[in-house]
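Trainee: Can you walk me through this one? I have it open now.
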Amino acid sequence: MAEFLLRAEGLTKVYPDGTVALSGVDLTVRPGEVLGLLGENGAGKTTLTKILSGLLPPTSGRLLSPRGQVRFHSPKDALKLGIGMVHQHFALVDTFTALENVALGLGRVNLSSLRKKLEKLVEETGLHVPLDVPVENLAVGERQRVEILKVLARDVEILILDEPTSVLTPVETAELFKFLRNLRDQGKAVIFITHKLKEALAVTDRIVVLRRGKVAGEVKTADTTAGELARLMIGVEIEPGHRPVELALEGEPKRAEAGGPKGEAVLAVKALKVRSDTGELAVRDLSFELYPGEILGIAGVEGNGQTELVEAICGLRRVEAGSVELLGRNVTNHPPTELYRLGLGHIPEDRWKYGVILSFTVAENSILGLQRERGFSAAGFLRAWAVRRHAARLVQEFSIQTAGLSAPVKSLSGGNQQKLIVGRELSKDPKVIIAAQPTRGLDIGAAQFIRDLLLRLREEGRAILLVSADLDEVLALSDRVAFMYEGTFTGVARPTELTAETIGLLMGGVKAGSG
Amino acid sequence: MSWIWRGLRPILESVLAGLIGLGVGALIMWAWGYRPWPAYVALFKESFGSGYGLASALANATPLILTALTFAAGARAGLFIIGAEGMMYMGAMAAVALSLFQLPSGFHAFVALLCAAAAGILWGFIPAVLRAYRGVHEVISTIMFNWLSHFLSFYLVANVLVDPIRAEKTLSIVKTSRLPLLIRGTDLSLGIVVAAGLALLFYVFFWHTVAGYEVRAAGANPYAARYGGVSPQRTVLLVFALGGAAAGLAGAVEVMGRPPTYAVYSGLTNLSGFGFDGIGVAMIGRIHPLGIIPAAIFYGGLQAGARLMQMEAGVPFEMVRAVQGVIVLALALPELTRIFKVFFRSIQRKGART
């Protein structure tokens, strides 16, 4: 009879769209322990914690507290049982002080007694934060502490932290870890969600590894290694040379096995530094080269700087330092239209943000970025006929299902929107194609269409930078795979040279050759 | 088939909204003991049932078409330009000031219109630059500029452009600079042609030119527009200039084409409100240049019919205004709900950036 605070049995979650996020997950949360939840994108970490904190009901399975089965209808029910969650994205009122933010949501409270309580909490836990400064004047790390205080002030026994270090500096991370151990020593339970192997090894006592909605393994931190965790995270299905995605091509594509990049680099990124929206350095000193006729895949857990890297290359985000060279020309911080005139095509990660204008028609969207080209404009007027002909050609060539050229793009399915974007970008006849998450959210048919297309383009001698969170996809399509972690590459290799363990290590932030 | 439906849908929505407005207005009158049917008959008989009434409806619509274009141009680019009122005053001042010069008939009016458009553009320049390069929200800056324009015009009317004989108004527009009346004995001048013509030009610009495409793209999805090579700064400057020109012309046609005085009264009483009414008209017209024309005529008709509704049906003036307000609100509602979504998104976006 192990003592426990919360136990989950056979948790299964099926989303309305049919996605199975969790299937039969068992989990025990014990007092005085930091429990790590490790897994890559889509492993089910977030879904699991949402269920534990009352945000989502499970499809089946049950939750047990020491006093019997419990059922959460909202986060409030979970809080009553002493389960509190700190989300990745903060929910603070910027103009309120830390004290006021904590008071908010507690109902009627006496501020001075709350202050005493918080001061005591701060003392006990070492979670120092100025109580009377508006939150907008605090550093990100301090804001996170306010979030944690908010939860602790409700006397929780189980504290859940979702990727808490993703916004922190190394110093702040070290302080957070110290505090988490403090909390553990006071007999509370901490659930620490991460995809970073080093952190999981550094701060936890026990690690549960999730893979594709199932528990892939449970280990005592003291008895495990980064290698074992990596294997558990990635799974054993990927053997050297294994090609998990079936490629429905007529004839196998010839891979660049003859070896070595051919010709001059068409895209060269040198010592690139780019900041994220929040001002953190998202890409740190990154360098690589892309050659004609190859697909360079960038794998890695999302949020490690891939988005910022792509935006910087495509002229949509300011480059802080370093340079981007396209076909031998320095194009650092040049506007997007100039880049595509030189030969850059960009399939953006966020279709609805950069890819299409939802309220515009298919025809209007088919020339976005091309509107000033001579074929489509004459003396400042749009040549409506030429635009429609162009759109009609894309619709036919890429078999886009649409009610018509004048139908708004929002009436198209995701796959057809993506085909329209891809078609438009290819009509620019690019030498270099940046494909960011090109198959995300697409049905199998559309995804296969895009993958085949990328391979065909590679055969034609175009250079493709493929950024994808879908590891299978990257491994199947790429000639070389780079693993991105916290803004740099932890390693670059041919897919055939990779084992599950090395992939896991590289994705988890252990540099090639150092682990 | 579906494209026909897409084109008809907004019209059907507006008709339905109008009927609901009329219904609610009728309920209000009925609740206070007035008979709705004769009141509505009087309203529409006056405004659309007679040649004279129709001419007044069109005359009332003239400045409204133009100020509505100002708002619509902004809204198409995702901006909320509330500054038509101030730009319009400046246009009127420019038109009056041009009467200090002597030019050949007709040509004089043409030059006066051009100067009025330029005055409107100038008045929008500072808010436009602040918005484009400093991110100052245009709602705040254009409202402030409305007040600046208001008091500047007050001063000009009373001290600079004042009629030496009749101090309650400015100099009258000289004959060579007046817009000819289309129908004698009415207020309907060539201004309606200017206004409708500009609406047509706006339509061509927004839907058939590359720059118009880019402006609409920036309004519908600023990220995708930037990705497509559209400069956000240029878009803001361009739209403010278009809107300023339209609003400046609104002030000019109102003084150059309104008998009998062809002047601005002290207190700006014969001008004030057109800029704000234009926002409502733009909403009723679905911020579409061609939708704005019928919307403005309808709005102008409501104003023209108010008098007879009061006299013939015995509905007090306050009640007439209330009922008309309900009708206008109902008509504006479909666009209003859409535009508020965009508006709050733009505020949130700005909040997230800091």
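Trainee: Which residue does Ile158(A) stand opposite in β8(A)?
Mentor: Ile158(A) stands opposite Ala189(A). This is a predicted model, where local features need pLDDT of at least 70 and side-chain atom pairs count only at pLDDT 80 or more, while totals for chains, interfaces and linings use all residues. Residues are numbered from 1 along each chain as its sequence is written, and chains are lettered from A in the order in which they are written.
Trainee: How many bridges join β7(A) to β8(A)?
Mentor: There are 5 bridges between β7(A) and β8(A), residues 189-194, and the two run parallel. Strands here are DSSP runs of E, at least two residues, and helices are runs of H or I, at least four, numbered from the N terminus. Strands pair if DSSP finds at least two bridges between them.
Trainee: And how does β6(A) run with β7(A)?
Mentor: Parallel, with 4 bridges. There, Val86(A) has Leu161(A) as its bridge partner.
Trainee: Is β7(A) buried or exposed?
Mentor: Buried: that goes for 5 of the 5 residues, so β7(A) is largely enclosed by the rest of the structure. Buried means 20 or more other C-beta atoms within 10 Å of a residue's own, exposed 12 or fewer, partly exposed in between, with C-beta atoms placed from the backbone.
Trainee: Which residues point which way?
Mentor: Ile158(A), Ile160(A) and Asp162(A) point one way from β7(A), and Leu159(A) and Leu161(A) the other.
Trainee: New topic. How many residues of chain A are in contact with chain B?
Mentor: 25 residues of chain A, with 17 residues of chain B. Contact means C-beta atoms, placed from the backbone, within 7 Å. On the chain A side, α11(A) gives the largest share, 3 residues.

Methods
Two residues are in contact if their C-beta atoms, placed from the backbone, lie within 7 Å.
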